[in-house]
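Subject: Structure handover

Hello,

Here is the structure we discussed. Please look it over, then read the notes below.

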Amino acid sequence: MKKFIAESEESKKILNIVQISSSLPVNIIITGERGVGKKLLAKEILPQAICFDGKLLENSIINNTVNIQQYKELIITDIHLVLNKKEFLANLSNIKIIATAQTTIHDIEEQFAIKVNISPLEEREEDLKIISQEYINSANKIYNTNITLDNIHLDISQNGISLKKSIYKNTLLNSLNSEEINQALEHYIDKKLDEQKTYKDFLKVIEIPLLNIAKIKFKSQLQMATKLNLNRITLRKKLEQYFGNNHE
Amino acid sequence: MNNFYEKLLEHDLNPYFIFNANGKILKFNKEAEFLLNYVSIKELFNLAVDNASQDFGFSQKFIPLKFNKHEYYAILVGYTSDDEIALRLYKVVSNQTNTINSDKLKLVNIFSLIELSKNTTLLNSNLKIKEVYDISLPEMKININEFLLCLNECFKYFIEDDEITLKVKMKVGEYEVIDNQKYKIMSLLFSANRMVKGDHTLEEKANRSNVNIFFSQNSIKLELPIIL
């Protein structure tokens, strides 16, 4: 994602705030969970600014390995992890700062006249839709597929980070043909052979997903045995082996 | 000789007023003129009448008074006829003078700051704001960071209300003296449909941003010098 998506009412307001404040000599703190787009928003305000991790910058200032006064504006991420925040900010007194944090920090409120909190993606449906669409378009382009969002379980437990991962992973999995699956398996087996895995262990890798999907698709063991052309006693044994007695 | 007494009083650090029977000011000195920025004529007249002696004469009372930053420890009220009454207030002496750190002042449009503070503080609030703005106000020099913190606190104060009115205007005929220079005054009046009461955090933030703050009945008023 190259820019902050502002489709929901809340995000539009936030974007408006940062646009007004971008020209003012005030520090801004952006809070929100991991992956909500804090850094992207910071870049909207100061597109040319250098970005530092708060804790690393604190260490660099302490060890005198950075000439901080050369900067007029800075983006500082994860400022909540800085140990001595007041002293840290005192070193940056003449610099315009856009800081990001995962939590609200009360002891440095005075240094940030503008505070913006970005809600999690689950509360920003319109944004989620657009962001997901952008990710799926990009994934389809890379994997040369034509997957739609309806085919994908979107994981937003870590907002944009898990969302992107779930979309790319699902698109990749949907794009594989049998030859590529073989290649993937060979790659896996090649790595695991040295770990004293047995024939049975590798068989498990193939059989568990096969039986799992067959269970969902065919519902009864009779149907499963018929469709897979497998002896019912063998099927029962395998189900018990992989899923225990509660395999029904 | 009379002229000399008048000049003496004119330069006195303690303000004085002479009212007629209807509460209209007949005479006052420089200090009294500044005091009128923070307190109404009616309030001062009532103060004089309420504390006047029963018969003609002069009476001193030690009562602590505070009008914005100005503190007084006593008053003198006197009248020798039914036509005039005089009020003199005795200032608590302080070495503090009104100064401002001009290094931190930046020229800015006040309405941008109000918009910014409103949007930031009320992002998820349902508060409706009726805006009555004098848009002819010029850009002025403000300590933006401190003023925004003060404004944020004002909006936060009303965050649970349904509706407030915000009036922004330049005060006519009133000035503030900072570093011996006279400045016009801009006021921001937040009015609600309920009583408001003093708020220590808000007062502190106002003081830090060189803003005078007044709490009265259902409103909070911020006043700041227009430094161009």
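Helix 5 of chain B is mostly covered, with 12 of its 14 residues buried (buried: 20 or more other C-beta atoms within 10 Å of the residue's own, C-beta atoms being placed from the backbone). Among them are Ile144(B), Phe147(B), Leu151(B) and Phe155(B). The helix covers residues 144-157 and reaches 20 Å from its first C-alpha to its last, close to the 20 Å expected at 1.5 Å a residue (1.5 Å times one less than the number of residues).

Two notes on conventions. This is a predicted model: local features need pLDDT of at least 70, side-chain atom pairs count only at pLDDT 80 or more, and totals for chains, interfaces and linings use all residues. Residues are numbered from 1 along each chain as its sequence is written, and chains are lettered from A and ligands numbered from 1 in the order written. Helices (H or I, at least four residues) and strands (E, at least two) are DSSP runs, numbered from the N terminus.

Now the interface. 14 residues of chain A are in contact with 12 residues of chain B (contact: C-beta atoms, placed from the backbone, within 7 Å). On the chain A side, helix 1 (9-21) and strand 5 (114-117) each supply at least two residues. Helix 1 of chain A gives the most, with 6.

Last, helix 3 (residues 54-62) of chain A. Its buried residues are Gly54(A), Leu57(A) and Glu58(A). They pack against strand 2 (50-53), strand 3 (73-77) and helix 4 (85-90) of chain A. After helix 3 of chain A comes Asn64(A), with a positive phi near 60°.

Best wishes

Definitions and conventions
Contact = placed C-beta atoms within 7 Å.
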